[in-house]
Amino acid sequence: MTYTSSTVRVPDVAAVPRHIAIIMDGNGRWATQRRLPRVAGHTRGVDAVRSVVESCVERGVEYVTLFAFSSENWRRPTDEVSFLMRLFVTALEREVARLHANGIRLRVVGDLSMFNERIQDLIRRAETKTARNTRLTLTIAANYGGRWDILQATRKLVEEAAATGQPVPVTEDALSQHLAMAYAPEPDLFIRTGGEQRVSNFLLWQLAYAEFYFTDTFWPDFDAEALSRAIASYAERERRFGRTSAQVVAQNADSLSC
Ligand code: IPE
Ligand code: IPE
Ligand code: MG
């Protein structure tokens, strides 16, 4: 699968999204409500990841992308950042075998140079081990920012052009091939838990035509049932990609008759 752009061509639409991207928000508030330290919410958040990924496999979703740590999350207290780094290491050590056994390919996107050597090594190993799995691609966005992604893709375009002495190809296709998730179709469904209704510098380019779903449920409470509600909401949407409703209805009738 190579990247296809919803603003260049109209993608196929099905009742189950091919690609779900999630901002897993509300861990801290989940814990505070229970008089627990914020980090207890992060630990429970890993359990929610496991159950949501399993449900996605069962439902035939092909790509799941989870925002685990944003390029702005370094601004948090040092203790919380260190805890999140340790949790990342533990998750990579403990969960990869299970992912592999379930046919899941793991990818990690973001500016990984900011992570220590141990984390970088675990990421490389996990990606290599699971590279040939085809059931579902799980992408973890870590030290990721949508602006970083667009800039790093632009930088690569410019460097490539300089190396070949060609003019820089300033097109959507050329740029999108260098985005961190060039291996995946654009997200069909974007979910944010925890009640906030903002994108927080997630996949800025790739969310151009995603359907947005916001829920007040905190991430540690987001389970298979909550995922079903999000997918049911998605199934009711009419994805027009700039066309009129009448055109979409006519196209759907056409594809049913052939
Ligand atoms: C999301 O939960 C997890 C990360 C950003 C790592 P938060 O930690 O942002 O939880 P709230 O939003 O403070 O409740
Ligand atoms: C977004 O959540 C990043 C992740 C879930 C990893 P934040 O909690 O950091 O977002 P803001 O700061 O409230 O926008
Ligand atoms: Mg938050």
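In this structure, the side chain of arginine 76 has an N or O atom 2.7 Å from an oxygen atom of ligand 1. That is a polar contact, meaning a pair of N or O atoms within 3.5 Å; within protein, one must be able to donate a hydrogen and the other to accept it, and residues adjacent in sequence count only if both atoms are side-chain atoms. Before going on, please note that this is a predicted model, in which local features need pLDDT of at least 70 and side-chain atom pairs count only at pLDDT 80 or more, while totals for chains, interfaces and linings use all residues. Residues are numbered from 1 along each chain as its sequence is written, chains are lettered from A and ligands numbered from 1 in the order in which they are written, and side-chain values use heavy atoms, with hydrogens and water left out.

Let us stay with ligand 1. Around it are Met24, Asp25, Gly26, Asn27, Gly28, Arg29, Arg38, His42, Ala68, Asn73, Arg76 and Leu84, where a residue is near a molecule if one of its heavy atoms lies within 4 Å of it. Aspartate 25 has a side-chain N or O atom 2.8 Å from an oxygen atom of ligand 1. Glycine 26 uses its backbone instead, with a polar atom there 3.4 Å from an oxygen atom of the ligand.

Now to ligand 2. Among the residues around ligand 2 are Ile23, Phe67, Phe69, Ser70 and Arg192. Met24, Asp25, Ala68, Asn73 and Arg76 surround ligand 1, and they are also found around ligand 2. Which distance separates the polar side-chain atom of serine 200 from an oxygen atom of ligand 2? It is 2.6 Å. For arginine 198 the corresponding distance is 2.8 Å, and for an N or O atom in the side chain of arginine 192 it is 3.3 Å.

Next come the helices. Two packed helices are described by the angle between their axes and the distance between the axes. Helix 2 (residues 38–59) packs against helix 3 (residues 78–101) at about 30°, with the axes 11 Å apart. Helix 2 is therefore roughly parallel to helix 3, a word used for angles under 35 degrees, with over 145 counting as roughly antiparallel, 65 to 115 as roughly perpendicular and the rest as oblique. Their contact (heavy atoms within 4.5 Å) includes Arg38, His42 and Glu54 of helix 2 and Glu80, Leu84 and Arg98 of helix 3. By class, this contact has five nonpolar, two polar and six charged residues.

Helix 2 also packs against helix 7 (residues 224–235), here at about 50° with the axes 9 Å apart. These two helices are therefore oblique to each other. Val52, Ser55, Cys56 and Arg59 of helix 2 meet Ala224, Leu227, Ser228 and Ile231 of helix 7.

Helix 3, in turn, packs with helix 4 (residues 117–130) at about 15°, their axes 10 Å apart, so helix 3 is roughly parallel to helix 4. The contact includes Phe88, Leu92 and Val96 of helix 3 and Ile119, Leu122 and Ala126 of helix 4. Its residues divide into nine nonpolar, two polar and three charged.

A last stop is alanine 15, in the segment before strand 1 (19–23). Leaving out residues up to four places away in sequence, alanine 15 touches Ile231, Tyr234 and Ala235. Alanine 97 is 82 residues from alanine 15 in sequence and 31 Å from it in space, C-alpha to C-alpha.

Notes. Axes are lines fitted to C-alpha atoms, for helices over the stretch in contact, and angles run from 0 to 180 degrees between N-to-C directions. Helices (H or I, at least four residues) and strands (E, at least two) are DSSP runs, numbered from the N terminus. Ala, Val, Leu, Ile, Met, Phe, Trp, Tyr, Cys and Pro count as nonpolar, Asp, Glu, Lys and Arg as charged, and the others, Gly among them, as polar.
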